[in-house]
Amino acid sequence: MSAPTTQLKALRDQVSALHAELVRYGLVVWTAGNVSGRVPGHDLMVIKPSGVSYDELTPESMIVCDLAGNVVEGDLSPSSDTAAHAYVYRHMPEVGGVVHTHSTYACAWAARGEPVPCVLTAMAIPVGPFALVGDDSIGRGVVETLSGHRSAAVLMRSHGVFSIGKDARAAVKAAVMCEDVARSVHLARQLGEPLSIAQADIDRLYDRYQNVYGQPGKP
Ligand SMILES: [Zn+2]
C-alpha cells in the first residue's frame, strides 16, 4: 500500500520543520532526539535520519519506514529509536506522532526514576521502565505506561522522554510541556515542598485543559 506523493511530501515537510522546534525550545543537543509522524491511512511513518545534525535536516533527508521499522524511502539509516516509534504506532492506533528527547530537567527526574507530581496546573508525568535500545522493550514500556494515562509524555527510567500526540505537532508540544513542568517543579523543590492539589481539582483542571484552552482543533 503506497502513500500518495503529495501526502508524503507534506509529512516530510512537517516532520523536518518540527525538528527545529526541539532546538528552539532547548530540548536536544548534538544529534540526540527525534520526531516521527504517521502517514494517515497507511502503515508508514516519516522519521529523522540517524546521526545528522539538526542544521542539516531537510524534508528530503527524512526517512519513510513501514511500521516494522524497515526503510521504504530514503538514502540514510533511520533514527536508532525507529523500533520504539514503530512499536507505539502499531499498538496505539490513535497516535499520529511520537517524539523522543533527552531534555535536561525531564532527564533529571528520569535518572532518579521519580514521576513529576501534579503540583502545577499542567500535568503529572509518569515514569516508565528501564529498557535497553535495540529491540521492542522501549516501545513496549512507552505503550504500557501511556495507554489509558492522562499524560502524553513518559519519563523512561534512566534514559529520557517519549511523548505522543494525535499528530507530530501535538507530540512535540507534549515534549515541550513535559520539560517545562519538569523544570518548574524541580525549581520549586529547591525552595521547599510544593503544595498538593486536591484530586477533584486536578480532575477539573484536566477537563478544562482538554476542552477549553486554545483554539478548537488546535493542539
Ligand atoms: Zn534516547
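The legends below describe close-up views of a predicted model. Residues are numbered from 1 along each chain as its sequence is written, and side-chain values use heavy atoms, without hydrogens or water. Local features need pLDDT of at least 70 and side-chain atom pairs count only at pLDDT 80 or more, while totals for chains, interfaces and linings use all residues.

**View A. Three histidines coordinate the zinc ion.** The NE2 atoms of His-100, His-102 and His-159 coordinate the zinc ion at 2.0 to 2.1 Å. Donors are N, O and S atoms within 2.8 Å of the metal (3.2 Å for Na, K and Ca); water is not among the atoms, so sites may look incomplete. The spacing of the donor residues in sequence is H-x1-H-x56-H. His-102 and His-159 link distant parts of the chain, 57 residues apart. His-102 lies in the loop between strand 5 (97-101) and helix 3 (104-112). His-159 lies in the loop between strand 7 (153-156) and strand 8 (160-165). Helices (H or I, at least four residues) and strands (E, at least two) are DSSP runs, numbered from the N terminus.

**View B. Cys-107 is in no disulfide.** For Cys-107, the nearest cysteine sulfur is that of Cys-178, 9.2 Å away. Cys-118 is also in no disulfide; its nearest cysteine sulfur, that of Cys-178, is 13 Å away.

**View C. Strand 3 pairs with strand 2 and strand 4.** Strands pair if DSSP finds at least two bridges between them. Strand 2 (residues 44-47) and strand 3 (residues 63-66) run antiparallel, joined by 4 bridges. Val-46 has Val-64 as its bridge partner. Val-64 also stands opposite Glu-73 in strand 4.

Notes. A disulfide is a pair of cysteine sulfur atoms within 2.5 Å.
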